[in-house]
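Notebook open, model loaded. I want to go through this one piece by piece and jot down what I look up.

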Amino acid sequence: MKILGISGSPRKESQSGVYKLVQTVLENTGIEYELVSLRKKSISGCIACLGCVKDNVCKVEDDLMPLREKIVAADAYVFGAPNYYSSMNAATHALLERWFQFRHQTGNILWGKLAAVVGVGGTSGRFPADELEKFFLYNFIETVAKVTGQGAASCYSCGYGETCQVGIPSMIHGEGVKITPDMIPDVGQQPTVMAAAVEAGKLLGQRLRNGHDRKVVTRKMQEKMMAMFASAV
Ligand SMILES: Cc1cc2nc3c(=O)[nH]c(=O)nc-3n(C[C@H](O)[C@H](O)[C@H](O)COP(=O)(O)O)c2cc1C
């Protein structure tokens with residue numbers, strides 16, 4: 001059994017809240033895993049060339065190619081993305097758009113697998129976490145746990161954070177803010193967030209070990225998707 005972790009943050013691993021939480025979830029599954037960071041990877045969005053429709057293999061030549069086999073081989077996923085403009089960031093979105101390659105012919109390469117998702121934002125990680133769950137639902141993958149945290153917006157360290165009128169420090173702490181190290185959010189210092197990451201990992205591990213049946217999960221996710229479509233009409 002193997003889990004694939006993806007951290008969609010372009011920041012250095014040591015500075016990324018997404019990376020830290022994805023790693024914590026993975027470590028607590030008790031299952032073999034691989035964690036891949038999208039930092040410095042070049043992955044474009046889907047270009048709708050339809051090159052994948054016959055064989056479910058994307059023909060765009062970039063850094064997704066070597067990742068494809070890992071995606072197919074994994075039994076579960078732990079994906080995390082930062083909040084950019086109240087959405088998941090473009091790098092993570094691009095990678096997931098390219099999962100179009102798995103949606104042709106029999107189309108069941110990913111069906112019934114399990115996932116845990118992570119979202120981190122300067123204010124909230126809710127938006128990217130919800131979007132990751134929705135992407136997984138499209139592939140009939142069940143999101144068993146969602147972890148969200150508040151990370152360090154670049155505005156705290158860009159050099160203009162105390163005077164910038166549109167930066168997160170003045171938005172959160174008010175005009176004339178004096179930035180001190182203790183006010184910079186760090187998911188590692190948020191006990192409830194770290195505890196949620198630990199629990200998410202344990203739950204994902206338990207679900208995988210205790211009779212995970214992909215057919216049952218697939219049916220459940222198909223029903224959920226139909227209900228989502230019905231409510232959106
Ligand atoms: C281009 C850009 C847009 C952002 N937009 C938002 C936003 O709309 N809401 C928010 O809460 N944080 C926003 N942020 C802050 C990031 O979500 C925050 O820095 C988070 O910690 C990033 O995760 P990371 O530490 O794993 O990179 C934005 C950051 C960047 C670079």
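Predicted model: local features only at pLDDT ≥ 70, side-chain atom pairs only at ≥ 80, totals over all residues.

Which domains does the domain assignment of the protein chain give? I get domain 1, covering 3–151 + 186–232, and domain 2, covering 154–185. I checked the centres of domain 1 and domain 2 over C-alpha atoms, and 31 Å separate them.

**Entry: A152**

I looked up where A152 sits: in the loop between strand 6 (142–150) and helix 5 (168–173). Leaving out residues up to four places away in sequence, A152 touches G17, I184, P185 and D186. I also checked A152 against S16: they are 136 residues apart in sequence, yet 8.3 Å apart in space, C-alpha to C-alpha.

**Entry: strand 3**

Next I went to strand 3 (76–84). Eight of its nine residues are buried, so strand 3 is largely enclosed by the rest of the structure. What does it pair with? I noted these partners:

- Strand 1 pairs with strand 3 in the parallel sense over five bridges, and L4 stands opposite Y77 there.
- Strand 5 runs parallel to strand 3, joined by seven bridges, with A76 opposite L114.
- Strand 4 (residues 87–88) is antiparallel to strand 3, over two bridges, and Y84 stands opposite S87.

The hairpin of strand 3 and strand 4 has two residues between the strands, and in it I see Y85 take a positive phi near 55 degrees.

**Entry: the core**

How many residues does the largest nonpolar core have? I get 50, and those with the most contacts inside it are L21, V25, V78, A115, V118 and V147. Elements giving two or more residues to this core include strand 1 (3–7), helix 1 (17–27), strand 3, strand 5 (114–121) and helix 6 (191–209). I followed up on A115: its contacts beyond four places in sequence include V78, F79, F136, I141 and V144.

**Entry: around the ligand**

The shell has 19 residues, the closest being V18, P82, G121, G122 and G151. Helix 1, strand 3 and strand 5 each supply at least two residues of the shell. Which strand gives the most? Strand 3 again, with three residues. By class I have seven nonpolar, eleven polar and one charged.

Definitions and conventions:
Residues numbered from 1 in each chain as written. Domains from an automatic or database assignment. Helix = DSSP H or I, 4+ residues; strand = E, 2+ residues; numbered from the N terminus. Contact = placed C-beta atoms within 7 Å. Core = buried A, V, L, I, M, F, W, Y, C linked by C-beta atoms within 7 Å. Buried ≥ 20, exposed ≤ 12 C-beta atoms within 10 Å, placed from the backbone. Near = placed C-beta within 6 Å. Nonpolar A, V, L, I, M, F, W, Y, C, P; charged D, E, K, R; others polar. Pairing = 2+ DSSP bridges.
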